[in-house]
Amino acid sequence: MQTIIRICAFIIFSSALHADESYNVLLNSMVDKNFVTVERLKQDELQAFCSQPRSATVDEPRAAELREAALKGVPTPPGENYLGDWQRGEKVAINGRGLQYSDDPDQANGGNCYACHQLDPTELAYGTLGPSLSGYGARGQNPAMLEYTWTKLWNTHAYNVCSHMPRFGAAGILTTQQLQDVMAFLFDPESPVNRPQP
Amino acid sequence: MASRIRIRAQLKDDYCEVKALMRHPMETGLRKDQSGVAIPANFIEDVQVVHNDAVVMQAYWGAAVSANPFLGVRFKGGAQGDVVKIIWRDNQGDSGSGETTIR
Amino acid sequence: MGNWDPLGLTRRGFIKASSALWVAATLPQKIWAATLRPAAAFQTTTLEATFEALGSVPKFSDAILFSTPDIAENGAVVPVKIEVDAAALPGVSKLYVIVEKNPNPVAAVFEVPPSAQPYAETRVKVAQTGKLYAVAEVDGQLFMTEKETKVTLGGCGG
Amino acid sequence: MSKGFFSGLLATLVGLWSFTAISETDGVFDEYRELMGDDNPAIFVIYDGEEIWFTPAGPKSVSLAQCDLGLGPGVVEGAYAQLPRYFSDAQRVQDIEARLEYCMTHLQGRSPDKVRANAYSQRGELGTELEALVAWIADQSSGLTIAPAQAHAKERSAYTLGESLFYYRAGPHDFSCATCHEQTGRRIRLQALPNLTTHQGAAAAYSTWPAYRVSQGIVRTMGWRMRDCMRQQRMPELIMGSEASVALQTYLSVNGAGGSMAAPGLKR
């Protein structure tokens with residue numbers, strides 16, 4: 001029993017060491033540039049947990065803890081108002097700027113949704129790292145759907161702990177208003193996302 | 001500086017195909033450099049393709065032609081071993097030329 | 001994509017093999033023809049003004065084959081190729097490449113002497129998604145073909 | 001937010017966001033690439049690189065002709081395909097950029113800070129000395145097999161480090177290299193993304209850098225590509241020839257080993 005504990009301790013310790021080594025190497029290999037500093041190289045718990053190949057075995061109890069923590073941090077939008085203006089939301093979805101050292105920090109960040117998702121079916125330049133969201137509104141606009149989607153956008157790890165989607169709300173990439181607008185872009189029947197396929 | 005033009009001329013069925021790459025920034029005058037200073041317009045305005053001292057294509061370009069421009073033209077009457085020459089001149093008065101033989 | 005040796009010479013030692021085909025830029029200068037650069041046509045800022053500067057709005061013609069990609073990976077370099085069917089439209093003396101939404105629509109003009117084929121290939125900058133026109137001039141009359149090219153955004157933020 | 005109420009529905013809803021793979025990624029730009037043809041303006045830069053290699057420079061006014069790229073002083077042909085490798089004089093694993101910096105500072109007596117500061121073209125510049133040298137040196141390995149040295153312990157640990165850096169998530173977007181390059185057949189916007197964890201993907205990517213970037217009109221190096229990927233990940237600026245840059249390139253070259261060098265490539 002004690003041996004097992006020791007082995008576990010060793011595994012945990014050595015993987016922590018490993019992450020430390022990566023961090024130290026990165027710290028010595030990078031320099032601050034414009035508004036982006038080496039502070040960003042520090043990992044939070046979730047980032048450290050998710051820095052392994054997709055094929056790696058997941059420590060399920062720990063994953064459950066992290067999901068729970070992520071879910072707890074998701075606020076309800078002001079006045080439980082999930083839906084903003086889809087036209088503004090579309091601009092957020094198209095805009096890929098923000099938080100790179102080459103970007104203007106005074107401009108609003110974009111969501112860059114098209115980098116990974118299909119949305120308006122007439123837009124050809126969409127990525128496939130994430131699933132197609134064309135016709136998303138047809139999946140229903142009930143309270144459960146709204147809350148689910150809001151949570152997904154705010155902190156995707158509440159559902160899928162090592163998802164590669166950014167934590168748009170939790171990490172402060174988009175504002176609450178921008179997120180409400182993106183929600184409308186996804187759900188509004190008038191939004192091009194929900195136009196019939198050409 | 002090494003040559004600023006690369007040309008190849010090849011005999012096809014009933015014409016000679018000339019393809020050329022020129023080394024030139026083709027600046028529009030609308031771009032700014034790192035420190036925000038406008039980069040002056042600098043682009044090839046005139047290009048001539050000459051075969052046996054006869055002009056077989058005269059091109060006039062604007063700043064919208066891409067950087068390191070490519071030119072492809074076809075003319076009649078070329079024979080293997082003939083010399084094909086290309087001469088360019090830009091809006092700042094710089095010029096360049098090069099030649100090759102038809103293969 | 002990586003294999004770009006146009007002369008079929010390389011592999012390594014591209015330089016050794018092909019240096020004979022290179023000439024330094026020190027040849028006798030210019031054989032400039034008696035024609036003049038159509039400066040006014042390069043300065044217009046709208047399609048209408050451009051056609052006005054050329055003399056008229058060109059008529060559509062199937063004899064002009066115009067190759068541009070439907071989607072361009074990058075607006076900085078969009079390949080264009082114009083080829084006129086000389087049997088259907090003989091006597092072409094000039095070819096124009098026009099990009100509708102550029103600050104100055106006229107990108108290139110090619111004067112085609114009788115010894116040349118009505119054929120031109122180059123690469124142009126296309127500021128945004130829009131139409132490109134290939135115009136051919138025959139005895140002062142203008143003919144054209146149009147094609148839409150979509151300029152896409154890059155992946156990682158534009 | 002009221003957590004419990006909808007929890008029964010959650011499992012179903014999570015499924016809604018689940019993945020439907022789309023793999024028609026290739027082909028979108030086929031027509032564009034066909035019209036582009038094979039003409040690569042990198043050729044001009046290759047010539048510059050050769051000239052620079054043999055031109056005396058620096059306080060010591062010597063050329064790089066005695067620089068050892070791993071196959072002995074002055075041997076350029078085939079050297080690029082075997083990098084990164086361990087160099088006993090420098091006592092570290094180096095990529096082409098770290099090695100050139102070493103030769104410029106040790107043979108030519110130049111300042112390392114200046115070499116690094118002028119390494120990559122900035123906006124409005126049309127190519128640097130380093131970019132030209134790398135283009136020429138890579139061309140001298142064209143057609144040869146990617147075969148990075150892995151005999152030395154430090155070469156092997158560079159690979160292991162590179163692998164862990166590849167998966168290292170950080171920054172406001174939680175990105176790592178793996179975010180975009182761990183799956184096959186995906187694309188970002190319209191750009192196809194190589195799966196760099198596979199031999200095929202890594203070989204295709206590694207073999208075609210340095211590359212002429214048509215969008216920038218200049219030749220860019222693999223080291224620059226690493227820096228730019230880090231920028232896109234919202235990370236700070238990666239130092240040329242740094243341990244992280246070399247480790248990541250080691251990870252890619254070893255994954256791509258056996259592929260055939262075809263650089264300088266031609267890219268968007």
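The side chain of A:S102 makes a polar contact with the side chain of D:R231, at 2.7 Å. A polar contact is a pair of N or O atoms within 3.5 Å; within protein, one must be able to donate a hydrogen and the other to accept it, and residues adjacent in sequence count only if both atoms are side-chain atoms. The model is predicted: local features need pLDDT of at least 70 and side-chain atom pairs count only at pLDDT 80 or more, while totals for chains, interfaces and linings use all residues. Side-chain values use heavy atoms, with hydrogens and water left out; residues are numbered from 1 along each chain as its sequence is written, and chains are lettered from A and ligands numbered from 1 in the order in which they are written.

A:S102 lies in the loop between α4 (86-94) and α5 (143-154) of chain A; helices (H or I, at least four residues) and strands (E, at least two) are DSSP runs, numbered from the N terminus. With a relative accessibility of 44%, A:S102 is partly exposed, where buried means under 20% relative accessible area, exposed over 50%, and partly exposed in between (1.4 Å probe, protein chains only). Along the sequence A:M183 is 81 residues from A:S102, and their C-alpha atoms are 28 Å apart.

In chain D, ten of the eleven residues of α6(D) are buried, among them D:L130, D:W136 and D:D139. The loop between α6 (129-139) and α7 (153-166) of chain D holds D:L144. D:L144 is partly exposed, at 24% relative accessible area. Its C-alpha atom is 9.6 Å from that of D:Q82, 62 residues away along the chain.

Chain D also meets chain B, with 15 residues from chain D and 19 from chain B in contact (heavy atoms within 4.5 Å). The two chains bury about 1400 Å² between them, 54% of it on carbon and sulfur atoms. Buried area is the accessible area (1.4 Å probe) that two parts lose on being put together, summed over both. D:D39, D:F44 and D:R123 supply 47% of the area that chain D buries against chain B, more than any other three residues.

The second largest cavity has a volume of about 60 Å³. Of its 13 lining residues, B:A67, C:V77, C:R123, D:P41 and D:Y212 are closest to its centre. A cavity is a set of points, on a 1 Å grid over the protein atoms alone, where a 1.4 Å probe fits but cannot get out; lining residues have an atom within 4 Å of a point. Grid points are joined across faces, edges and corners, and a volume is the space filled by probe spheres set on the points.

Definitions and conventions: 1 Å grid on protein atoms, 1.4 Å probe; cavity = no way out; pocket = protein on both sides within 12 Å on 5 of 7 lines; lining within 4 Å.
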